[in-house]
Amino acid sequence: MLSGILAFIALASFFGLALGLAAVVFKVESSPVIDQIDALLPQTQCGQCSFAGCRPYAEAIATGDAPINLCPPGGENLIQSLADLLDVEVLPLGEEEDAFQGPIVAVIIEETCIGCTLCIQACPVDAILGAAKQMHTVIESECTGCELCVAPCPVDCIEMIPVKQTLKSWRWPEPLYNANNKEADTIFTTLDQVLAENVRP
Amino acid sequence: MSLSSTLSHLWPFPGGIKLTSNKTLSNQQSITAAHLSQQLIIPLSQHIGQPADATVKVGDKVLKGQILGYAHGPVSAPVHASGSGIVTAIEEHLVPHPSGLSSLCVFIDTDGYEQWTDCSPLISTEQNISELSNEQINEQIANAGIVGLGGALYPSAVKLRTAEKMHTDTLVINAAECEPYITCDDVLMQRRPEEVILGIMLIKKIVGAKQCLIGIEDNKPEAYQALLETISGYNSETHIEIIQVPTRYPAGGEKQLIQVLTGKEVPTQGLPMDIGIICHNVTTAAAIYHAVYRGEPLVSRIVTITGGAIKHPQNMEVPLGTPIRDILNQAGMDESKIEKIIMGGPMMGFSLPSIDTPVTKATNCILVSKKGELDTPPPAMPCIRCARCSDSCPMSLLPQQMYWYAKARDLEKVQDYNIFDCIECGCCSYVCPSDIPLVQYFRYAKTEIWDDERERNKSNIARDRHEFREERLEKAKAAKAEAARIRKQKLAKKKALNDQKPLEEAKSSDRKKNPDKPDSADLIQEAIARAKAKKAQQQSKKKNTDNLTEAQQKKIDEINERRRKRSEDKKSAT
Amino acid sequence: MSEYFLLLVSTIFVNNFVLVKFLGLCPFMGSSRKLEVATGMALATTFVLTLSSASSYLVNHYILLPLDIEYLRTIAFILVIAAVVNFTEMLVHKTSPMLYQVLGMFLPLITTNCAVLGVALLNVQTGYGFFESILFGFGAAIGFSMVMIIFASIRERLAVADVPEIFQGAPIGLITAGLMSIAFLGFTGLDKGLN
């Protein structure tokens with residue numbers, strides 16, 4: 001009996017010491033996981049995830065404090081790639097489901113702008129140019145469409161408009177041609193139908 | 001002929017399919033000239049790379065061949081007026097592109113005079129091209145806006161300059177034209193072989209190739225004969241060989257033709273230049289001839305108008321920018337029969353979004369099919385893993401694997417299966433017994449990958465900008481804190497001094513003895529008054545708030561009201 | 001020498017821990033969605049299995065037997081395994097943080113992986129010597145790894161395949177595992193054939 005207790009105490013303290021030593025040897029300084037998550041996030045810094053930016057959200061995901069479906073600008077694709085990275089289940093996009101409808105940018109209606117600089121202070125990526133009492137303008141190519149500048153504007157002169165598609169940014173649609181999907185074959189015939197209508201004046 | 005028999009051995013390329021060519025519909029007639037349209041619509045982006053910058057203004061009178069837009073950036077090409085007239089608009093218009101999107105176009109109302117701008121040929125046919133420097137020819141080609149007319153649309157001058165720098169020993173001229181229905185290269189070689197040959201010699205001179213191989217499919221005996229006769233007029237020093245290759249789709253693919261002619265395989269995701277070969281299309285060669293020997297920029301091209309719903313299938317020389325509707329009317333389309341209108345061939349072409357789009361440098365063929373002429377694939381059935389797609393793939397890819405991953409949107413895996421080597425020839429979709437639109441999936445996956453890359457770049461920039469901003473705010477905060485600390489220190493010092501002062505000042509009974517040093521309390525009072533005055537002035541002079549209309553004033557009032565309410569709500573909430 | 005080889009063949013194929021003895025099914029189903037993760041899990045388990053079968057032999061032979069406290073064997077082995085798993089966890093965290101993140105709960109759960117305790121107990125039961133114990137643990141781990149990797153590869157393919165809706169996810173995974181198990185039963189008698 002006693003020998004058993006003693007043996008276990010000895011064994012446990014031996015393993016305890018060994019593990020304590022190992023913990024010192026294999027000390028982990030910082031986690032690169034956060035960087036990898038951060039690299040996937042769209043960097044709009046919009047705060048729609050309730051965190052103060054993309055990096056804090058990435059940290060929260062890494063520690064398991066936040067689910068992966070809080071980022072509307074990233075959309076389904078982001079959730080998919082985060083799920084792949086972290087090997088977790090794909091979750092549906094949280095909150096309002098129709099929240100995100102393609103990329104948008106802010107545009108300042110120049111006649112209304114009073115030059116208050118509030119939007120400049122709000123912009124997380126310095127995409128608004130202007131000075132006090134001067135008309136402001138948005139650098140379209142740098143705007144992430146986070147909408148953070150809309151609320152502070154005292155004269156409601158900022159509008160969010162969808163980004164115009166160009167020949168370069170155009171993407172082929174995903175073929176929906178599927179035996180299970182009876183409606184699907186319309187996608188390839190629509191063009192032809194439009195055409196048939198156009199040809200006859 | 002001895003010239004063609006020197007190369008006795010041809011190499012096969014993997015995969016490929018036999019197709020009914022349907023070329024005799026349009027390759028028996030000579031080239032007709034298209035009627036001049038009343039309006040020309042010339043897109044500023046007719047090539048790979050950056051669109052040209054418009055140099056003309058609305059209302060300008062332009063001559064045929066006059067430049068409309070300069071090349072923008074290193075990979076770009078200028079655009080020229082293809083008829084004389086007046087610029088009536090520079091705006092977005094539907095262009096022939098599968099997306100059905102618009103792009104910036106220059107509209108010219110033609111005056112019918114067809115007056116040319118000054119064309120200065122570099123050389124005449126009597127002279128020897130060795131008198132010209134490579135740079136001169138290249139300059140001329142670049143200024144003429146010539147791009148790869150086989151379908152790649154890559155600016156030719158850029159390609160030639162790169163080839164000149166690299167060690168290029170073989171020039172392959174692509175005259176295979178393997179897609180069914182299309183005959184524009186065929187008739188060009190039949191009717192204007194000397195233009196082709198002279199153009200080829202110019203290309204050969206620039207790239208410094210030792211030999212030149214013209215690959216032509218064996219279903220074009222007339223064109224082959226015409227080229228052969230033309231070349232026999234030159235001495236054998238030209239080192240140009242014309243080789244008939246078996247008709248097998250896609251023998252006209254750049255990489256396939258190179259493999260058939262030389263037995264060399266272009267490395268994955270590489271260019272022919274990597275193995276010392278450069279490939280150009282016959283139509284491009286003819287365009288280079290026009291630029292150098294006649295000084296004419298690229299303002300027209302030969303377009304095949306064919307298909308079951310066309311009354312007179314033919315090849316037309318069409319000024320760029322001519323609305324497709326006009327040339328279809330000229331060739332006579334039977335509107336009751338029309339099923340599809342396709343730009344390009346039945347394999348790689350796409351349905352035109354509208355026939356009011358213009359002819360561009362890319363338009364090689366307009367195929368107007370009648371019902372039942374082309375296969376309309378029935379709805380796709382599940383993949384049965386028969387692997388016919390892999391057997392037919394001329395690039396030795398695994399379409400079935402790529403299909404699974406493209407469908408699951410696993411973009412990484414699709415790239416592992418070398419999707420970017422896919423030439424979108426359509427063989428896999430053609431042979432698929434389940435009628436799966438495989439090429440559609442690959443196009444979809446490719447554009448998704450590019451889009452992802454763009455998004456990633458954009459978010460990287462956003463991240464940098466955000467981090468920079470954070471850093472700047474941090475610095476500003478630190479600077480402010482530092483300033484506050486210094487101020488505090490100074491204040492503390494002053495206070496310490498002041499504490500001593502009253503003792504001294506108490507001694508001097510009358511403060512007003514020192515008028516230069518007014519009382520500090522007075523100073524503060526004064527400053528406050530000044531600030532107040534300034535504020536009042538500012539308020540009365542608020543910019544943008546003078547001359548408000550009633551509606552604007554009302555709106556502002558509304559907004560103010562709303563803001564007041566909101567702040568009240570907040571207060572009550574807390 | 002041939003008996004060692006037979007021991008390996010037997011543990012890897014004939015008496016595969018997962019598909020024939022049905023031990024260690026938890027990580028088998030839980031972390032086989034992606035090949036990379038499955039490989040990581042397989043490596044970690046291999047490390048733990050080999051190390052724990054060695055150390056449990058030592059503990060059994062030099063502590064439990066001399067002190068005549070074999071009745072504490074199970075508890076002692078769990079202690080040993082827990083220590084080894086903890087050590088492995090640190091090692092993985094240091095060398096591959098991504099794998100650490102991805103394996104998450106499954107890494108400490110190796111402690112309760114019945115395959116690990118099973119190997120340790122079977123070693124004692126069959127009376128294997130030190131070297132044989134290690135070989136037995138290693139063979140079991142190789143068998144586990146092989147099955148993990150095969151299964152993960154199949155599941156990766158299944159993820160993009162046209163699986164009927166009601167079978168998607170775990171159901172088709174379980175059916176696949178069942179089919180694999182049937183296939184592995186085909187190895188029965190292989191060791192006799194080799195003899």
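Predicted model: local features only at pLDDT ≥ 70, side-chain atom pairs only at ≥ 80, totals over all residues.
Leaving aside its neighbours within four places in sequence, which residues is B:I214 in contact with?

The partners of B:I214 are B:I173, B:A175, B:L227, B:I240, B:E241, B:I242 and B:I243, once neighbours within four places are left out. One of these partners, B:L227, comes up again in the next point. The largest nonpolar core has 134 residues, and those that touch the most other members are B:I214, B:L227, B:I288, B:V303 and B:I366. Helix α8 of chain B, residues 282-294, supplies the largest share of this core, nine residues. The core lies between domain 1 (132-295) and domain 2 (383-476) of chain B, because both domains give residues to it. Apart from it there is another core, with 69 residues, including C:L19, C:Y57, C:A83 and C:L122.

The axes of helix α3 (residues 156-165) and helix α5 (residues 193-207) of chain B come within 8 Å of each other and cross at roughly 45°. The helix α3(B) is therefore oblique to α5(B). Which residues meet there? On the α3(B) side they are B:L160, B:A163 and B:E164, and on the α5(B) side B:I203, B:I206 and B:V207. Sorted by class, this contact has five nonpolar residues, no polar ones and one charged.

One more residue from that part of chain B: B:R161 sits in helix α3 of chain B. The C-alpha atom of B:R161 is separated by 7.4 Å from that of B:N138, and the two residues are 23 residues apart along the chain.

Now chain A. Chain A has six helices and four strands. Along the sequence they follow the pattern α-α-α-α-β-α-β-β-β-α. Of the 201 residues in chain A, 25% are buried. If we take the contacts in chain A between residues at least 6 apart in sequence, 53% of them join residues at least 24 apart.

The domain assignment divides chain A into domain 1 (33-86), domain 2 (102-170) and domain 3 (171-201). The C-alpha centres of domain 1 and domain 2 of chain A are 24 Å apart. How many residues of domain 1 of chain A are in contact with domain 2 of chain A? Six residues of domain 1 are, and they are in contact with seven residues of domain 2. On the domain 1 side, one residue is nonpolar, five are polar and none is charged.

Last, the contact between chain A and chain C. Chain A gives 18 residues to this contact and chain C gives 21 residues. On the side of chain A that touches chain C, the elements that give two or more residues are α1 (2-25) and α2 (33-40) of chain A. The largest share of that side, nine residues, comes from α1(A). By class, the chain A side has 13 nonpolar residues, four polar and one charged.

To go back to the opening residue, B:I214 is in the largest nonpolar core, and that core lies between domain 1 and domain 2 of chain B. That is all from me.

Key: Residues numbered from 1 in each chain as written. Chains lettered and ligands numbered in written order. Contact = placed C-beta atoms within 7 Å. Nonpolar A, V, L, I, M, F, W, Y, C, P; charged D, E, K, R; others polar. Core = buried A, V, L, I, M, F, W, Y, C linked by C-beta atoms within 7 Å. Buried ≥ 20, exposed ≤ 12 C-beta atoms within 10 Å, placed from the backbone. Domains from an automatic or database assignment. Axes fitted to C-alpha atoms, helices over the stretch in contact; angles between N-to-C directions. Parallel < 35°, antiparallel > 145°, perpendicular 65-115°, else oblique.
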